[in-house]
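Good morning, and thank you for making time for this presentation. Please keep the sequence and the structure in view while I speak.

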Amino acid sequence: MKAVSPVIAQGPAYGVRLWGATLLVVGLVAGCGGGDGRLFPAESKADGVFIDAPVQGLGYRIRGWSEVSRSEDIWGRVAMSADGSRMFALSEYAIWLSTDSGASWPSNRRQSPVTGSFFNRDAGATGSVAVSADGQTIVVPQRNDSAALPLLVSVDGGETWVERPAPTSALCRTSEVSLSADGQQLYFSGKDTRSDAQLWDAGEQRDVCRYRSNDGGLSWAALTGSPAEDENRLMVSADGARLLAVGGTTASLSVDDGNTWLPLATNGEPVRDAALSAAGDVVALATAKGVELHTQSGVQVTLAGKNIEAIAGSADMRILLAAEWLGKVYRSNDGGKSWSVDVVWPPSERWKTAAVSSNGQLALVTGGLTYQSSIGRIFDDVPIYVSKLGSEMRFTDANGGYQCKAGEQVAFYLGNFALGSTDCAEAVHVYQLAGLGETPERGLRIAQLLQSLNTSGDPTQIVLPDLSAQSIDIDLGGTDEEFASAAETLLSSISSTVGSTFTLVSKADAQAHVESEIIKLPADVRGKICSLNACNNDLMTQLAAGLQQLVGGSLTGLPEGAELKLTLTSTETNGKQREDKLAIFGSQDQWQFLSPVPVSATYTVTVGDIAPQFGCTVSNASGTMIGNNINNVAVDCTLKEVLPVTLGGTATGLQPNQSVTLSNGDDSVVVDANGEFSFPSTLDAGESFSVTINGANPSNLLCSLEGGDGVAPINYDSDVFAVVEVSCEGFAAFSLGGLLTGLPAGETLALQNTDSNTGPAFALLSANGDYLFADSFTGTYQLELTSVPSGLQCQLSSQSDSPQGAQVTVDIACQGARVTGIVNGLVDGASVQLSVVNSATGAQQIDLTGTGAGLAFNSIYMPEGATYDVTVIGTSIGTTCGAVTNGSGTIGTTNITNLSLECSFDGGGGSDPAAGSVGGTVTGLDDFDSVDIEDLDNFEFINFLFNDSGQGGSFTMPSTLAPGDTYDITAQYTGLFGLTCSVTNGTGVMPAADAVPNYVNDIQVTCQ
């Protein structure tokens, strides 16, 4: 038979529309004999038993891949209806149709229904075939490198055909088609086949053609959007809502009828094939480095490292078929999470295309061999392979039995690995799988694998885990060391996926057990196996000597129907040891092991599995074998009393000096160390329990429970039953700091962090540069600037987040400048009021009282670009001031320091407040305290900054009011010390213009 390389069947990327989970593959393979692919009707039964021991769960094929048709042509593409009943295949010069799921095909090539002749022989293989879900609408593009050929269309399942012009220029000759489920939306794609040199000579660019028809090909419209140039194959989802374009090394997806395209991230390898789910939400790409699955959750590379040629999938993409270049064929039944190797013999040519239907039918195709000679082309026979899933595998039952047809062969498998084939018979030995007349080495290694994977603990009844989805590949040849190494690797891999631990049984133990089973066979069967050199010399000698006796005895105290298992362990004088197991029941007074023990060997009988309510002892349990049977081993059983049990468990994650309190109703336990713990009170069998964590978690510790609810089991021992798992995890501590920039000299910021676990912490920052909180934190941080110099704008780079690492960095950037100046000429006790109006924050009043020397003043901080205007709005009696020098301008990045004011004392009347002005005094503030004063009725606002410790200061609102206007003055403290400010005489009506006084200056703002 020819060697095969699986390459995935071509999916919708080549215009083959797939609906569901049936798989069709076309390939070049000679017929295979043996049990592979045969069908064994369930109504013909045989109770086969593996006489290594009955093996429950060993898989055997009852249905596999089968060759359904051959052609002298090279098969090109395949597609099928949603239910898999109608199949359509293209060969070099013909269309082939099957209406019975591929069971039969036309015996001769189907001629072109339009012209009466075969496809144009100069055209090469046809491009693709598109089929509607019901299998009635079929579209086949003809391909020719020298002329544009029409499409062949059938709307009656292939009974009649019409020609419809292809919607392409004469240059776009390589064409693909794809069809929506209802057969109405048809997509056509093609690509200019001229060489780069031809394009250069013609002065043209390569033409890529993409069209859509909403009426089955009667009319066409070009797609307005365009994916990458090389993406010249289109696929459409079942509802026609999504499009996939592939070609070259790229793939793109469109959800708006081809107007825009979203590129899919690929591994840069050429995209050889693709499959699209019915909903258009799953894309599978076949590349030289494996299968790429694109879903809404991201990209997954599966079958990594495999050189994949073809891919196909069911409607929901749960079933996938993939084929390697000249290699194996893989199938996944779980959407690509795991794969198994299908038994399809690799072709001598690469796999070409595949299809999957919704009911589990599969198909696979290859191209044939082509030879050039003086007599023209010669094509090898090329078959189509079809496989139906569903009942592909059966498993041996609890007695090792299986169903097959008498006289047929049955092939046994571990997962996907063929152990061997043999005739359907009432009894089968592992040596028969190895081939009678051959060395027993292969049979012993099969026995080693079966016994190693046994989950029953009973070597006389082997129970295998479900290995149907396992990819198993192991060489049963080679040296003992090579086999043992490969087997250990295999068992470790199976352990990680099945969830059980498996260890390779030694060759000696496997051989001892196999031989003990051979002894139980009828003499004619045993003689047949051993006479063909399947048994070793030691066993032959023992069988010939006949010096083997049986061990047995009595049973008391076990009720009728109860079962007990005994184990007989015997050791011969040469050190060889073996075991035999026997199940006995309460109705038996006497019992006897079936396996004889050689004379002079020592033996021991032990109690094995038994119901937990019984306790059994064995008298005369051991001795040395004599020439007669041993029948004095006495097994005495008693019924145990049901005992109360103690609830317990294990704790992990606690640190020194940490504890957590658990409660089960009124019963509590303090767990103060990792490891085992138990509650002080006991529970009766069947009593329910519900464990909770009592109170809050320990500081900086998060604890959770598993197994906290349940029912106490029936127990005949006083052991603790430990089902509660307490898992604690400490919060990771982190530091918090960063870089402060832009803080003017002499200023201070107050920064607060509120940690979700530890609460608030504070930091006062008085200089630019790095800062760091003295405390460390464990929870989510929440930063806030609680005090900022008036007018200064400061920004945190992050305000709140969960920490990412041991160091959290939050930078603070401040920005702002102020105007500063000096007042000269104010005598001791004289005062002046300045108004600083800026375009960003409004007006600020500054009250200054003289000391006889120059007096400095400062405004609040203003943002860069703000304009300012400083004016005199009042003086004390006898004081006269001029205009402020440099009193207006624009704020930059540094303070304005060139303002000055000249005042003098002349003993005159001073300047009374202006008519219509509103003002008063502020008391109780310390140096550089500030308060926001606002007239709610007139939307007036000033920030009052006090800089003369222990004294009050006067303020005046920026604008004058008309007689009869109302005012409503409020005050809000904005300094560092948490004061509260109240207002007296804050509301009223402005006096008449001729009133004395005609202004308001008795408003009192008191802060304390």
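Predicted model: local features only at pLDDT ≥ 70, side-chain atom pairs only at ≥ 80, totals over all residues.

Leaving aside its neighbours within four places in sequence, with which residues is Leu58 in contact?

Residues are numbered from 1 along each chain as its sequence is written, and side-chain values use heavy atoms, with hydrogens and water left out.

To return to Leu58: apart from neighbours within four places in sequence, this residue touches Phe50, Arg394, Phe395, Thr396, Phe412, Tyr413, Leu414, Leu419, Leu450 and Leu464. Contact here means heavy atoms within 4.5 Å. Leu58 also belongs to the largest nonpolar core, which has 40 residues, and Leu58, Leu414 and Leu450 have the most contacts inside this core. Such a core is a set of buried Ala, Val, Leu, Ile, Met, Phe, Trp, Tyr and Cys residues joined through side-chain atoms within 4.5 Å. Buried means under 20% relative accessible area, exposed over 50%, and partly exposed in between, with a 1.4 Å probe and protein chains only. The elements that give two or more residues to the core are β36 (409–414), β37 (417–423), α2 (430–434), α3 (441–452), α4 (480–498) and α5 (507–520). Helices (H or I, at least four residues) and strands (E, at least two) are DSSP runs, numbered from the N terminus.

Let us look at two of those helices. The axes of α3 and α4 come within 12 Å and cross at roughly 25°; axes are lines fitted to C-alpha atoms, for helices over the stretch in contact, and angles run from 0 to 180 degrees between N-to-C directions. The two helices are therefore roughly parallel to each other, a term for angles under 35 degrees, with over 145 counted as roughly antiparallel, 65 to 115 as roughly perpendicular and the rest as oblique. Where they meet, α3 contributes Glu441, Arg445, Gln448, Leu449 and Ser452, and α4 contributes Asp480, Phe483, Ala487, Leu490 and Leu491.

I turn now to the strands. Four of them form an open antiparallel sheet in the order β9-β10-β11-β12. β9 (130–131) and β12 stand at the edges with a single partner strand each, so one side of each is left without a neighbour in the sheet. Two strands pair if DSSP finds at least two bridges between them. Strand β10 (residues 138–141) pairs with β11 over four bridges, and Ile138 stands opposite Ser154 in β11. Three bridges join β11 to β12 (residues 162–164), where Glu163 is the bridge partner of Leu152.

Which residues of β11 are buried on each side? Leu151 and Val153 are buried on one side of this strand, residues 151–154, and Leu152 and Ser154 on the other, so both faces are covered. In a regular strand the side chains alternate between the two faces of the sheet.

Elsewhere, Met80 lies in strand β6 (residues 78–80) and counts as buried, at 0% relative accessibility. The C-alpha atoms of Met80 and Val356 are separated by 7.9 Å, although the residues are 276 apart along the chain.

Finally, the chain as a whole. The protein chain has seven helices and 81 strands, and 49% of its 1008 residues count as buried.
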